[in-house]
Amino acid sequence: MEREAVTEGTLNLNRSVTIKQFAPNVFREIRRLNNIKDEDLMKSLDPAENVKNIQNAGEGAGASGSFFFFASDRKFIMKTMSSREVNQMIRILPSYYEHLDKNKGTMIAKIFGMFEIRIDMFEPISVMIMQNTLPAVPNTELHYVFDMKGSQINREVLKDRSTTH
């Protein structure tokens with residue numbers, strides 16, 4: 001059997017891949033509200049440009065165990081979703097869109113699409129594509145990053161020992 005030449009950044013699985021988009025019209029409108037062109041999104045998430053990021057996905061993943069990676073240009077994040085998360089997002093999508101539309105400067109995370117990816121006989125994977133709120137900014141250095149959550153479940157708060165009551 002002859003060995004085929006392998007070029008870094010390309011992957012040919014010879015498999016059937018089907019991608020289903022959830023609520024395409026709503027997410028297209030959310031992208032429009034945020035001046036995100038479909039071509040820019042696809043270019044940013046081009047698998048050939050993201051091989052290393054995909055390989056490193058999930059390193060340091062949080063408590064959810066979700067698989068995620070940053071696009072090579074750091075503009076977007078792709079994160080897996082459970083079926084429960086998909087159903088919840090679909091349920092709140094009208095209110096989410098309305099909030100984004102009425103509050104143009106909102107700091108809430110922008111979700112630009114949700115997809116189900118099927119590869120041959122493998123279980124389908126649901127993913128969301130969202131805005132990276134910390135894009136790479138030239139000539140800057142971050143000193144602290146805080147991951148703010150709304151849940152108090154499995155969370156701890158360090159008590160400030162310098163405070164007296």
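Reader: What makes the five strands an open sheet, and in which order do they lie?

Author: In this predicted model, the five strands follow the order β1-β4-β5-β3-β2, with antiparallel pairing, and form an open sheet. The edge strands are β1 (17-22) and β2 (68-70), each of which pairs on one side only. From one strand to the next, the twist averages 25°.

Reader: How do you know that β4 and β5 pair?

Author: Two strands pair if at least two bridges are found between them. Strand β4 (residues 111-119) and strand β5 (residues 125-131) are joined by six bridges and run antiparallel, and therefore they count as paired. One of the residues involved is glutamate 116, whose bridge partner in β5 is serine 126.

Reader: Which strands does helix α4 touch?

Author: Helix α4 (residues 83-102) packs on the sheet and touches β1, β3 (76-81), β4 and β5. The direction of α4 makes about 125° with that of β3. Buried residues of α4 are Val86, Met89, Leu93, Tyr96 and Leu100. Their cover includes β1, α1, β3, β4 and β5. Helix α1 (residues 24-33) itself lies across β1 and β4, at about 135° to β4.

Reader: How do you know that the length of α4 agrees with its number of residues?

Author: The expected span is 1.5 Å times one less than the number of residues. For the 20 residues of α4 this gives 28 Å, and the end C-alpha atoms are 28 Å apart, so the two values agree.

Reader: Why is the pair of phenylalanine 76 and phenylalanine 112 called edge-to-face?

Author: The structure holds one aromatic pair. Ring centres must lie within 6.5 Å for a pair, and planes over 60 degrees apart count as edge-to-face. The centres of phenylalanine 76 and phenylalanine 112 are 5.9 Å apart and their planes stand at 85°, so the pair is edge-to-face. Because phenylalanine 76 lies in strand β3 and phenylalanine 112 in strand β4, the pair ties together parts 36 residues apart in sequence.

Reader: Why are phenylalanine 76 and phenylalanine 112 called buried?

Author: Buried means under 20% relative accessible area. Phenylalanine 76 has 3% and is therefore buried; phenylalanine 112 has 2% and is therefore buried too.

Reader: Why is asparagine 132 called buried?

Author: The relative accessible area of asparagine 132 is 5%, so this residue is buried under the 20% limit. Asparagine 132 lies in the segment after β5. Leaving aside residues up to four places away in sequence, asparagine 132 touches Phe70, Arg74, Lys75, Phe76 and Ile77.

Definitions and conventions: Residues are numbered from 1 along each chain as its sequence is written. This is a predicted model: local features need pLDDT of at least 70, side-chain atom pairs count only at pLDDT 80 or more; totals for chains, interfaces and linings use all residues. Side-chain values use heavy atoms; hydrogens and water are left out. Helices (H or I, at least four residues) and strands (E, at least two) are DSSP runs, numbered from the N terminus. Axes are lines fitted to C-alpha atoms, for helices over the stretch in contact, and angles run from 0 to 180 degrees between N-to-C directions. Contact means heavy atoms within 4.5 Å. Buried means under 20% relative accessible area, exposed over 50%, partly exposed in between (1.4 Å probe, protein chains only). Rings of Phe, Tyr and Trp (its six-membered ring) pair if their centres lie within 6.5 Å; planes under 30 degrees apart count as stacked, over 60 as edge-to-face and the rest as tilted.
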